[in-house]
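Let's take a walk through this structure together, starting with the overall build and ending with a few backbone details. Please keep the 3D view open as you read.

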Amino acid sequence: MRLLLILGLGLLLISCAEKQDRPYFTSVKIFPVLDDSLSIRAIELMPGSLAFAADKGVFGTVELGSGKIRRGVQTYDSLLPEFRAVAHTKNDFFMLSVASPALLFKTSDQGRMSLVYEERDTLAFYDAMIFWNDLEGLAIGDSMNGCLSVIITRDGGNQWKKTPCNQLPSALPGEGAFAASNTNIALSGDQAWVGTTAGRLLYTADKGMSWSILPSPILHDTPSQGIYSIDFENGLLGIAFGGDYTRPEENIANKALTRDGGKTWRLLASGKEPGYKSCVRFVPGSEGKEIVATGFTGISYSKDMGEHWEQISPESFYTIRFINDTLAYAAGKNRISKLIFR
């Protein structure tokens, strides 16, 4: 028995040492995938491919194995929509334009895109979109008539219904969401959190059947400040990132962490780098300890749950998606790239 205890303790110590010695990121190698005169703020990992949508009506996919690019141009009358939100189910790909008319397209039976939702109000401005499952999804837009714009599908994206303001919390004057990286919505189980320009989170615990407001300490003194991106490791641990894209060096009260599902938040590294970022992601497999944040100001990394950060690349990207703990794809001005973290 004593020998078994000694062996068990030795294995435990080895296991702990191995976990502690896990290599942290110190650099990132960047490989070009697509170069074009586009602003690409919306990417989505799908089985075997990366889907993207951009301005000038451009959308397409990148095959992850071969790197082959398929692309098309979606027009609407004489318009070339600007897409900043994409999402997918098992069977379909969706893309949503900003500004009026707001246009939501999905793949049709013929492999083309079909219009499934349109909103022509001059105040319409949609920012992000995501699916809980193959049937239920939502998209978020700026406030209209006293509440944030929330449209929901329950049938796999064939029909979308706008949630009336009497079923939503009141918006603050001018409150909206930033269409910066399609990452101001996060999901876990039936829950959804939406970061707003007012530094608040619109929250649902039941897939959009009811909504409430969760406050955060993210600075929002000007229209260009607020929550730009959020990510949740699980139903409790989440991070919010903000800042001011007009003054990207400002780093006061622009990063916050929650451990209770957004009920309370604690500021991280306030007054310390980094400043403004448009996208934040937990590194897969790190149990929430490692975080990467991207923006036109470069790529920053934390290995201690956001307490300390270091810039590991000055390269500019608006948005990033991880495939595994070292491989990701990122998009930004004029490009999509493959990133290998080391």
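Helices (H or I, at least four residues) and strands (E, at least two) are DSSP runs, numbered from the N terminus. By that scheme N182 lies in the loop between β13 and β14. This is a predicted model, in which local features need pLDDT of at least 70 and side-chain atom pairs count only at pLDDT 80 or more, while totals for chains, interfaces and linings use all residues. Residues are numbered from 1 along each chain as its sequence is written, and side-chain values use heavy atoms, with hydrogens and water left out.

Now for the whole chain. Its secondary structure comes to 1 helix and 27 strands. The radius of gyration, taken over C-alpha atoms, is 20 Å, close to the 20 Å that the globule rule (2.2 Å times the number of residues to the power 0.38) gives for 342 residues, so the chain is as compact as a globular protein of that length. Of the 342 residues, 54% count as buried, meaning under 20% relative accessible area, with exposed being over 50% and partly exposed in between (1.4 Å probe, protein chains only).

Next, look inside. The largest nonpolar core has 16 residues, and L96, L104, Y126, M129, I151 and W160 touch the most other members. Such a core is a set of buried Ala, Val, Leu, Ile, Met, Phe, Trp, Tyr and Cys residues joined through side-chain atoms within 4.5 Å. β10 gives the largest share of this core, 3 residues. Leaving aside neighbours within four places in sequence, I151 is in contact (heavy atoms within 4.5 Å) with residues including L104, Y126 and W160.

Let's return to the loop between β13 (161-162) and β14 (185-188), where A179 also lies. A179 counts as buried because its relative accessibility is 8%. Not counting residues up to four places away in sequence, A179 touches R41, R84, V98, F125, Y126 and D127.

Finally, some backbone details. Most residues other than glycine have a negative phi, and most peptide bonds are trans. N182 has a positive phi of about 60° although it is not a glycine, and at 8% relative accessibility N182 counts as buried. D77, in the loop between β5 (69-73) and β6, has a positive phi of about 55°, but D77 counts as exposed at 67% relative accessibility. The peptide bond from S100 to P101 is cis, with P101 in the loop between β7 and β8. A cis peptide bond also joins E273 and P274.
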